[in-house]
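Me: I would like to go through this model and ask what lies behind the terms used for it.

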Amino acid sequence: MSNLDATPVSAPGHLMAAEIAEQPQVWRRLLTEGLDPIRAAADRITRAAPRFAQLVARGTSDHAALYAKYLIEIRHGLPAGLVSPSTVTVYGAQPDLRDVLYIAVSQSGGSPDLVRSVEVARAQGALTVAVTNNAESDLAAAAEIHIDVLAGSERSVAATKSYTAELLALRLLLSGADEGGTEALPELGEAVLASGEQVREVAQRYRFAQRLITTARGYSYPTAREAALKLMETSYLSAQAFSGADLLHGPLATVDPQVPVLAIVPDGVGGQAMLPVLERLAERHADVFGVGAPAALAGLAGGIALPTVPDELSPLLEILPLQQLALHLALARGGDPDQPRGLRKVTETL
C-alpha cells in the first residue's frame, strides 16, 4: 500500500462539526487579543463622525453586514444600507462618498468585486473598514482600517466560526463604549452547543423535507437568512428566509403542514414582534420549530431554548443550533457538509 493509500480520510462533516465546536474559543480570542485593535478602530470612526454608513459583502458575510446595519441604525441613529457591488464593478459608478463609513465584510477577503468596491469607496472619500479572517488579503490591504476576526483557518466550505466571529467583531466595533454582556458569550455558547444531541433528533424529523422556511425579526433576521443559506448549501433543500413582517405580506400563503418553519424568537423586542407571526402560523397548522426564549417555544412543534442575553447579542447564540441542524440534516440525507457539491471555499465574483 502506498503512503497516499494509507492517508486517513475524514468522516463526512468532521470539519464542519469541529469548526462549529470551536466558536466559543474563537470568541475568547477575539475578546482578548482582538479587543485593543477594535477599540482603536472604533475611536477612529468616532473621530471621523460619518453621516451615514454603507456595507458591502457576499454570501454568509452579507448576513453579518445586515446585522451591522441594524446596529448602526439602532445604536448610532445613522442611516445604513447594503451596497450592490455591481454598481461600481459592472456599471462603473463613482458615487460621492465623503463623510461615509464604508464597511466591507468578507471571510477570505479575496473576492475581486469587494476589493474593487473598497478601492473606489476610498478614492471617493469614504472611511473604509475591512472585516476579514485574512489579514494578508487584498481586501485588508485595500481598506484604510482592517479588523481581523481571528477565527483561524476554516476548512469546511460551509462558513460557521468565521460568521460568528464577524458578528462579534462588528458588535465590538459598533458598540460605542458599551461592551457589556460580551464577556459571558463564550460560556453561554458552550452551553448552547451542548444541546447537539437534541438537534440531531430534530434533523431526523426533517430528513425528507424538500422545502423549508426560516423567519425572524430585528437583529435575528440575519440569523434566519444565514440558517436558510446553511441548509441550502449543505442539504440541497429549498430554504427561504423571510422577516416575520414580510412573511405575513404574501409568502404565508405558501405555508401548510408539510412545509416546516424555523422561527427564531429571542427575548426582547425582536422576539415580541414575532408573536403575531407565530399566531398566524398556528392558524395555518404549520410545523414550527423554534429557537429562542423558553416562553415563546410553548405551543410550538418543538424548540431549542436559549439563555437570556440582550437582543443584539442573541444572533451569536441562536445561529449555533441552526448550524448544527444543517450539519446533521446533511449527514442524515447522505451528504458531506464539508464539501457541498458545486461550491468552493472562496467564491470570486466580479
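This is a predicted model: local features need pLDDT of at least 70, side-chain atom pairs count only at pLDDT 80 or more; totals for chains, interfaces and linings use all residues.

Me: What makes S9 and S10 a pair of strands?

Reply: Two strands pair if there are at least two bridges between them. Strand S9 (residues 288-292) and S10 have 4 bridges, in the parallel sense, so by the rule of at least two they pair.

Me: In which order do the strands of that sheet run, and which are the edge strands?

Reply: The order is S7-S6-S8-S9-S10, an open sheet of 5 strands with parallel pairing. Strand S7 (238-243) and strand S10 (302-305) are the edge strands, as each pairs on one side only. From one strand to the next the twist averages 15°.

Me: Which helices pack on this sheet, and which strands do they touch?

Reply: Helix H14 (residues 269-283) touches strand S6 (211-216), strand S8 (261-265) and S9, and its direction makes about 155° with that of S8. Helix H16 (residues 314-332) touches S8, S9 and S10, with its direction at about 160° to that of S8. Contact here means heavy atoms within 4.5 Å.

Me: What does the record say about domains?

Reply: In an unreviewed entry, UniProt lists residues 41-183 and 202-340 for "domain: SIS". Over residues 202-340 the chain is 45% helix and 19% strand, and the end C-alpha atoms are 21 Å apart.

Me: What makes serine 175 and leucine 172 a polar contact?

Reply: The limit is 3.5 Å between N or O atoms. A polar atom of the serine 175 side chain lies 3.0 Å from the backbone oxygen of leucine 172, and that distance is within the limit.

Me: Is alanine 158 buried or exposed, and where is it?

Reply: Alanine 158 is at 0% relative accessibility and therefore counts as buried. It is in the loop between S5 and H9. Its C-alpha is 9.4 Å from that of leucine 327, although the two are 169 residues apart in sequence.

Me: Why is the pair of tyrosine 70 and tyrosine 219 called tilted?

Reply: Rings pair if their centres lie within 6.5 Å, and planes under 30 degrees apart count as stacked, over 60 as edge-to-face and the rest as tilted. Here the centres are 6.0 Å apart and the planes are at 50°, so the pair is tilted. Tyrosine 70 is in helix H5 (residues 59-76), and tyrosine 219 is in the loop between S6 and helix H12 (221-235).

Me: How do tyrosine 70 and tyrosine 219 stand in accessibility, buried or partly exposed?

Reply: Tyrosine 70, with a relative accessible area of 23%, is partly exposed. Tyrosine 219, at 8%, is buried.

Methods. Residues are numbered from 1 along each chain as its sequence is written. Side-chain values use heavy atoms; hydrogens and water are left out. UniProt positions are given in the numbering used here, feature names are shortened, and annotations may be inferred rather than shown by experiment. Axes are lines fitted to C-alpha atoms, for helices over the stretch in contact, and angles run from 0 to 180 degrees between N-to-C directions. A polar contact is a pair of N or O atoms within 3.5 Å; within protein, one must be able to donate a hydrogen and the other to accept it, and residues adjacent in sequence count only if both atoms are side-chain atoms. Buried means under 20% relative accessible area, exposed over 50%, partly exposed in between (1.4 Å probe, protein chains only).
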